[in-house]
Amino acid sequence: MKYPILFSIFITPFALFAQSNAVESKVLDDKKKAIAYANVLLLKAADSSFIKGTISEKNGSFSFNDIAQGSYIIKASFIGYTDVYSDIFEVQNTVEHPPLILAENPEFLDAVTLTAKRPVIQRKIDRYIYNVENTVVSSGTTFDILKRTPGVIVNQGQLLVKNRPAQVYINDRKVYLTSDELQQLLEGFAGVNVKSVEVITTPPAKYDAEGGVILNIVTSKNLSIGYKGSINASNTVGIKPKYNVGTGQYYKTDWLNAYASYNFNSRFDVKTDEGFVQFYNANGGEKATWEDLFRRDTRTISHSLNTILDFTLSETELLSFSANVLHTPKANSDITGRTETYNPQGQLDSLYTTQSRLENQNDNLLFNLSYEKQLGENGASLSANANYIDYTNDQTQTVATRYLSPQGNLLNANAFNTIPTQNSKIYTGQLDYTGNLGSWAFEAGGKFSGINSESRQEFFNTAGNVSDADAILNDNFDYTEAIYASYFSFAKHWKKWSFKAGLRGEYTDANGNSRTLGVVNTQEYFELFPTIYLINTLSDNHSFGVEYSRRIDRPRFQSLNPYRYFLNENNFKEGDPNIQPAIANKIKFNYTFKNKLSFDLYWDRIDNAMKALPFQDNENLTLRSVNTNLNYEQQFSFDVIYSEFVNNWMWMSVYASGFRIENEFNTLNNSNENIVKSVTGVFLNTQNYIIFKPDLRVTVANDFLSNFLSGSYEYGRPQYRLNIDIQKTFMDGRLILNLASEDLFNTYNIPLTSRYLNQNNSFFAMPESQKIRVGLSYKFGNFKLNDNSRETSVEEETRLQTN
């Protein structure tokens with residue numbers, strides 16, 4: 001293997017000396033009376049990044065001194081009032097800005113009004129922001145907020161945006177957990193801590209080139225000194241109950257922010273699957289038909305701990321340490337299955353039953369150390385952070401199969417055990433600079449990430465009460481990866497134009513070694529990933545924009561590992577050690593009217609898109625699902641987003657999307673033919689947030705998806721879901737009672753079908769989508785403080801997820 005050649009797309013920033021420019025103004029209420037001690041922030045107009053902060057004097061006045069020339073925005077806030085933002089203004093010499101007028105927040109009034117009058121959906125040059133702080137949608141968990149974010153689809157447990165898998169970040173740092181662990185974590189993180197969700201459909205160069213759409217959860221920031229805490233508990237009932245108990249503690253002094261949260265989850269999940277496979281003879285005639293019925297009962301116990309320590313070293317320096325620990329000592333599944341085999345005449349030919357026990361124990365440990373320093377008075381900053389992740393998953397599976405005649409007589413029996421284990425270690429280091437080059441906002445940085453993953457599986461035949469190791473089905477897979485990256489970006493705002501462009505380069509050196517199969521997959525490549533954004537604001541009512549990006553998807557570790565996970569002896573899942581990374585290109589055009597009605601027209605194409613494809617072996621009567629590459633997947637879509645205050649007590653949003661998805665893949669049988677599949681569909685999401693009283697709020701949300709294509713699977717019928725959430729507060733907001741219903745009519749689960757050539761199979765997964773949750777939360781201490789709670793995570797940990 002060649003040693004990696006370090007590369008750098010590096011620009012040396014030109015330092016700008018702070019000039020004697022200043023901004024002076026006042027904060028007043030709507031009766032023109034001064035507001036003392038209001039929080040006032042000076043933000044860079046190009047990207048709303050923080051420059052300086054202060055508080056207003058007793059007469060409402062404030063000032064910012066030694067400001068570099070450029071374009072800025074001022075934000076003012078105070079408890080009991082709605083936040084206000086100034087218009088964009090230019091700083092040259094001393095600027096006397098008109099007073100900022102704060103209006104009383106209707107949530108603090110006796111009248112029945114909405115929480116905030118500023119737009120709930122805010123569009124920026126590279127993202128749109130779903131503001132949820134102090135709105136009814138924040139009454140649930142963080143996971144509930146994501147599911148209710150306009151444009152988000154939940155498909156088979158996966159979060160999709162614009163029909164593509166979304167990656168979750170918290171405060172611009174990626175969450176590195178499997179899908180199930182991510183859901184557990186976010187369900188234990190109260191929505192009241194969330195300020196907004198940023199939907200970044202075209203991620204800029206600052207973000208890793210890995211993945212597509214980003215959902216960035218922005219948590220509230222504190223400006224006050226004090227202590228607060230909370231305890232919470234919830235019970236969710238579908239077919240079986242799921243419990244959650246947690247607490248959060250926060251303490252701040254003038255030099256220390258300390259936050260810790262702990263959550264205990266106990267879940268009993270039931271999932272039923274119906275399967276269908278029709279096998280064919282070589283001449284195309286029907287050979288046999290299988291009809292499967294599986295039930296999986298999973299009992300899970302998990303403990304999550306999140307702790308953060310922020311140390312203020314000086315007025316310009318901040319040092320932070322954080323740790324996220326997720327310990328799941330028990331995730332055990334009992335699987336029962338019955339498969340009936342019919343001959344071409346439709347008569348029952350035979351059947352077999354399967355009993356399987358799957359036991360999992362996993363730990364995910366993440367430690368982060370970060371440092372940030374403000375450079376001068378022009379808003380420049382330098383930040384560095386390092387991460388270490390250790391992920392361990394130990395598993396055992398026992399499978400016993402009994403073959404029976406139509407009359408129920410035992411014909412044969414078989415049994416085996418598998419013992420798979422995985423340990424992955426991830427190391428990352430990153431350095432970022434933000435500042436100005438003249439009137440341009442500038443960012444640059446570099447990153448290194450190293451990954452080392454080891455997977456093992458032992459396979460034992462246990463039929464006849466004898467345990468014999470089967471070396472052919474054993475697994476021994478090692479994976480190492482090193483990625484070197486650097487980036488830069490520029491942004492500028494003129495009177496009617498906004499422009500942002502960036503370039504990221506990544507050099508990858510990866511090696512996957514399947515010792516069992518004797519297959520080595522070595523990949524060394526360097527790729528460039530440009531991003532471009534351009535917006536023209538013709539007036540306050542009309543704006544036009546265009547975006548372009550190039551991205552990459554690297555395979556998950558489990559996708560590369562050829563070991564098999566068995567549903568039964570004849571139905572299993574496996575990875576592909578030869579899977580290749582995928583490259584995505586996307587271009588989007590946008591028109592926005594009055595910042596409340598938006599139209600998006602876009603096209604994206606992913607070459608070597610990675611999917612799980614089912615393939616049936618008609619000769620040996622087996623069905624396997626393989627994580628592999630498509631030749632390509634592309635999408636054409638037209639989306640409409642509308643949000644509006646219908647009246648003074650209800651806010652409504654509508655997200656509608658018409659799309660066409662097409663993909664091409666090769667069959668994994670002897671014919672090795674190219675198959676092209678396509679669907680045309682419509683997605684509709686509506687949300688209504690209603691405040692009947694200041695302490696009684698209701699959310700009503702609808703989702704409808706007419707059709708969808710994932711790999712070779714198509715929807716068997718349209719998908720629909722209705723959710724209703726109710727929140728009631730007591731004791732001046734200290735005690736919160738939540739009642740939530742999800743998939744009220746039990747219409748969200750739908751069958752999926754894969755049909756082409758001599759392949760005809762389908763499955764109907766039925767997890768507990770129809771659920772009712774009752775939650776109770778009590779806050780103590782100075783509970784109106786906003787804390788520094790956040791999740792620290794690393795880009796690479798997402799690679800632990802399964803497809």
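Partly exposed means a relative accessible area between the buried limit of under 20% and the exposed limit of over 50%. Keep that range in mind for the second stop. The model on screen is predicted.

**Stop one: F62 and F64.** The whole structure holds 23 aromatic pairs. Start by selecting F62 and F64. Their ring centres lie 5.7 Å apart. The planes meet at 65 degrees, so this pair is edge-to-face. Now check burial. F62 is buried, at 5% relative accessible area. F64 is buried too, at 2%.

**Stop two: Y388 and Y427.** Select these two tyrosines next. They form a tilted aromatic pair, with 5.5 Å from centre to centre and 45 degrees between the planes. Colour by strand to see what the pair connects. Y388 belongs to strand 24, residues 380-404. Y427 belongs to strand 25, residues 410-437. The pair links distant parts of the chain, 39 residues apart.

**Stop three: a ring cluster.** Select Y433, W440, F442, F488, F490, W494 and F499 together. Ring pairs join these residues into a cluster. Show the side chains and follow the rings from one to another.

**Stop four: charges over rings.** Which ring lies under the charged end of R605? Select Y632: the charged end of R605 sits over the Y632 ring, 4.3 Å from the ring centre. Then move to R721 and Y748. Here the charged end of R721 sits over the ring of Y748, 4.1 Å from its centre.

Key: Residues numbered from 1 in each chain as written. Predicted model: local features only at pLDDT ≥ 70, side-chain atom pairs only at ≥ 80, totals over all residues. Heavy atoms only, no water. Phe/Tyr/Trp six-rings, centres within 6.5 Å; stacked < 30°, edge-to-face > 60°. Buried < 20%, exposed > 50% of the residue type's maximum accessible area, 1.4 Å probe, protein only. Helix = DSSP H or I, 4+ residues; strand = E, 2+ residues; numbered from the N terminus. Lys NZ or Arg CZ within 6 Å of the ring centre and 35° of its normal.
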